[in-house]
Amino acid sequence: MTRATADRTAAACAEIADLGAGPGSIAGSISVSTDRAQLVKVSSDWSRMSPVLQEKVPAGRYVADAVVRPTRPEQVAQVLAVAYRHDVPVTPRGAGTGNYGQATPFDGGILLDLRGLDSFRLTDDGTLVAGAGARMTTIDKAIRARGRDLWMYPSTKSSTLGGFIGGGSAGTGTIEHRTTSDGLVVSATVAPMDGSGETFTVSGDDLTPYIHTYGVTGILVEVEVRTDPARDWTAVYTAFDTYDELVAVHRGLTGLSVLPRLASADEPALVPTLTASVELDPARFSLRVIAESSTVDELRALVSGGGGDVVAALDDYVETDRLSGMSYNHPVWFLQRAHPERNLFHMECSGEPLWDRPDDVREVYDGPVHIHLELFRHGPGAMVVAEYRGEQALLDGIPRFDALGVGVHSPHQWYVDRNVELAIETARRTDPKGLLNTGKLTATPPVDSRLNMGVR
Ligand SMILES: Cc1cc2nc3c(=O)[nH]c(=O)nc-3n(C[C@H](O)[C@H](O)[C@H](O)COP(=O)(O)OP(=O)(O)OC[C@H]3O[C@@H](n4cnc5c(N)ncnc54)[C@H](O)[C@@H]3O)c2cc1C
């Protein structure tokens, strides 16, 4: 963002442009752009969901000096070597759907757009090897045609696999496979920012400092992830008159003979804003389940025994995608979009009090508080939505969640919040000049950046 950084970035980009052309070049194009409109666009993400981040990282305040888009894996290490020589900060970016501002280029430099690394293949062992920029919608379609299911994908399914592993954590598939840190990744090819121009491969426990650390320890160039044999999935819409009835069924879902892929629930206030393909009664609580098709009768029995109704059971796979698109942060976004005048924010929460003491959870903030539920293997997760009355009022809720025994993570800050000490130790080796995604990695963040939700 300073003149000096801009000059160094220009010098580095002149070299980078040559990587894709001329004698000795790396085959495959590599684009470099300094178009201001494009720079502003790719320099922000979905942090606009947070009123706090809207103030702290509004679009246009922190803008990269250049966007570099490689198309071949080996180009990434080369780009980093040039940036290292010129002391240029580099911020990796996939589809830019992260909602914490964690891909904001605070110090300008290069925004590394990884969407050109989009090739992928299934191995004979049934794992998937994919370029970091491959989109999960594309991958899922292709591998299902070959009899495999992704272990997990977020509600932003069109985001990239590298961005999901670098910045996401959970989604459709989480009930069975937990989080991105729990065995999803078999191995990763990482490009460090150490001047080497090389990549290295990590697997097993050595993957830990590279998952959900926003690229501060190295750029994920290619990842190998586990898949499952493809199953038939059915999108099931159910409705209940009371929260307690809904909860009894929600907590019973892990007893189905095959674990569901997703189980999202909303109270009536959120129901009219959902993008459902069937008509939902806005006076009732909605629970939507992606159930393995052979368990639909079990689910029907559970729902009717619990006093609810099955509104629809749709066995078209596209309908399960629609259910995913109404999970996790999406219902919060739908409510914000429908009611901009309410200036809503959310906190990410987990723990049994969300099922058992919803009224106490609603007391955490003044004004109407809404609960969107998800199901984790060990209990419920939730987006708790309230009206924004300033950052301090938002933060004051955290000890109240603590007192209730509710795990909480604030999506209103951009600091690396998993395995921080290990990330710092790793980055000393892989990013000795501290040029990767600057401003995200610190042992002493100035705001509450805990992650005690029970998802790792
Ligand atoms: C409405 C909404 C719903 C969401 N739902 C979910 C959900 O269900 N589950 C969930 O986990 N998240 C969710 N998210 C957050 C986000 O969409 C996902 O985590 C998504 O998978 C991020 O992928 P991306 O390609 O958009 O990454 P980006 O936003 O581009 O990047 C995410 C982070 O990873 C870093 N990064 C990107 N690529 C790489 C790489 N190759 N190597 C290293 N670091 C990299 C970036 O610097 C950034 O810090 C949601 C967000 C929104 C706005």
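Which strand is the place of Arg69?

**Close-up 1. Arg69 in its strand of the predicted model.** In this structure, which is a predicted model, Arg69 has its place in strand β2, the stretch made up of residues 66-70. Arg69 has 21 other C-beta atoms within 10 Å and is therefore buried, since a residue counts as buried when 20 or more such atoms lie within that distance. Leaving aside residues up to four places away in sequence, Arg69 touches Ile30, Ser31, Asp113 and Gly116. Arg69 and Leu112 are 43 residues apart in the sequence, and yet in space their C-alpha atoms are 6.1 Å apart.

**Close-up 2. Helix α4 and the residue that follows it.** Helix α4 runs over residues 73-85, and because 10 of its 13 residues are buried, it is largely enclosed by the rest of the structure. The buried residues of α4 include Gln75 and Gln78 as well as Val76, Val79 and Val82, and Leu80 and Tyr84 belong to the buried set too. After α4 comes Asp87, whose phi angle is positive, near 55 degrees.

**Close-up 3. Strand β10 and the strands that pair with it.** Because 6 of the 7 residues of β10 are buried, this strand is largely enclosed by the rest of the structure. Strand β6, which covers residues 128-131, runs antiparallel to β10 and is joined to it by 4 bridges; here Gly131 has Glu222 of β10 as its bridge partner. Strand β8, covering residues 185-191, also pairs with β10 in the antiparallel sense, over 6 bridges, and in this pairing Ala188 stands opposite Val223 of β10.

**Close-up 4. The shell of residues around the ligand.** The ligand is surrounded by 40 residues, of which the closest are Gly94, Gly163, Gly166, Gly167 and Gly168. Sorted by class, this shell holds 15 nonpolar, 23 polar and 2 charged residues. At least two residues of the shell come from each of four elements, namely β3 (90-93), α6 (161-167), β10 (219-225) and α11 (330-338). Which element gives the most to the shell around the ligand? The answer is helix α6, with 5 residues.

Conventions. Residues are numbered from 1 along each chain as its sequence is written. This is a predicted model: local features need pLDDT of at least 70, side-chain atom pairs count only at pLDDT 80 or more; totals for chains, interfaces and linings use all residues. A residue is buried if 20 or more other C-beta atoms lie within 10 Å of its own, exposed if 12 or fewer, and partly exposed in between; C-beta atoms are placed from the backbone. A residue is near a molecule or strand if its C-beta atom, placed from the backbone, lies within 6 Å of it. Ala, Val, Leu, Ile, Met, Phe, Trp, Tyr, Cys and Pro count as nonpolar, Asp, Glu, Lys and Arg as charged, and the others, Gly among them, as polar. Two residues are in contact if their C-beta atoms, placed from the backbone, lie within 7 Å. Two strands pair if DSSP finds at least two bridges between them.
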